[in-house]
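Morning, everyone. Please look at the model on the screen, and I'll go through the pocket and then the helix packing.

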Amino acid sequence: MSETGGVREVKSAARTVELLELLAARGDRPARLQELADELAVPRSSMYALLQTLISRGWVRTDVTGSLYGIGIHALLTGTSYLDSDPRVRAVRPYLDEASEALGETIHMGRLDGRDVAYLATRESHEYLRTISRVGRRLPAHAGALGKALLAERPDSELPEGPYESLTPNTHTGREPLAAELAEVRARGYSVDREEGVLGIVGFGFALRYDSPAQDAISCSAPVARLSAGHEERIVAVMREIRAKIEATVPGGVGGSGSVHWRR
């Protein structure tokens, strides 16, 4: 029996969370009962009972045949509550607007969550219509500007052994190449993702150092076709300024008087 902080894990609760995370990770690919039972090594009858309970409470949805399952609307409502209650997200949002207006590009805020980055806020470019909001989505930390900016705030000894997931032909999939890249990030003061997460897109990531080590970062993403040397210099200059403003506004990660300083 696994334990957390000296408290024994509640098996039924852990199974429920594992199921919801599995359905969320599948995105627009609904799952069948047997798939879920096999994936979580749970008896089919137990999985069916759990699914029906979660359907009745809005955490899971099913199709008209009752044979396909996906994440339910209550997951969205809970996620929205997380964003609305987080003082750091509230404090950063106006500066994302400022960066978006100044640069005309897509601006993101993300938070490190294990080996991934979770996207907490996005301001889309009005020029690049193919982008979609990433809020609530996850990306492997090694494959994007946000993640590399945050990994560079930590010692290389914390990097997991490779190989890492490859999202494009440009993704670093080995531990040593990633470590070399992070050394450059530390020296430069920001990260660059040149089509490592999405082909055709270059990202610039800046860790927000109101935590130590930093948990949050902001980034600017721009299409390769529009990224001249002058535009890249302007992106870096504006994003450095935006980062300084945010860090001055959110000292110690507390977004105002009376705010709770959450662990994560």
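The largest pocket is lined by 42 residues. Nearest its centre lie Ala24, Ala75, Gly136, Arg137 and Arg138. Its volume is about 1,900 Å³. For the terms: on a 1 Å grid over the protein atoms alone, a pocket is an open set of points where a 1.4 Å probe fits, with protein on both sides within 12 Å along at least five of seven lines, and lining residues have an atom within 4 Å of a point. The volume is the space filled by probe spheres set on the points, which are joined across faces, edges and corners.

This is a predicted model, residues are numbered from 1 along each chain as its sequence is written, and side-chain values use heavy atoms, without hydrogens and water. Local features need pLDDT of at least 70, side-chain atom pairs count only at pLDDT 80 or more, and totals for chains, interfaces and linings use all residues.

Which helix gives the most to the lining? H4, with eight residues. Other elements supplying at least two residues each include helix H1 (11-26) and strand S6 (106-113). Helices (H or I, at least four residues) and strands (E, at least two) are DSSP runs, numbered from the N terminus. By class, the lining has 22 nonpolar, eight polar and 12 charged residues. Nonpolar covers Ala, Val, Leu, Ile, Met, Phe, Trp, Tyr, Cys and Pro; charged covers Asp, Glu, Lys and Arg; the others, Gly among them, are polar.

Now packing. H4 and H5 have axes 5 Å apart, at an angle of about 70°. Axes are lines fitted to C-alpha atoms, for helices over the stretch in contact, and angles run from 0 to 180 degrees between N-to-C directions. H4 and H5 are therefore roughly perpendicular (65 to 115 degrees). Leu83, Asp84 and Ser85 of H4 contact Pro87, Val89, Arg90 and Arg93 of H5 (heavy atoms within 4.5 Å). That contact has three nonpolar, one polar and three charged residues.

H5 (residues 87-103) also pairs with H8 (residues 229-249): their axes come within 10 Å and cross at roughly 160°. So H5 and H8 are roughly antiparallel (over 145 degrees). Their contact divides into 10 nonpolar, two polar and three charged residues.

Last pair: H1 and H3 (residues 44-56). Their axes are 11 Å apart, at about 75°. That makes H1 roughly perpendicular to H3. Arg15, Thr16, Leu19 and Leu20 in H1 meet Ser46, Met47, Leu50, Leu51 and Leu54 in H3.

Conventions
Parallel < 35°, antiparallel > 145°, perpendicular 65-115°, else oblique.
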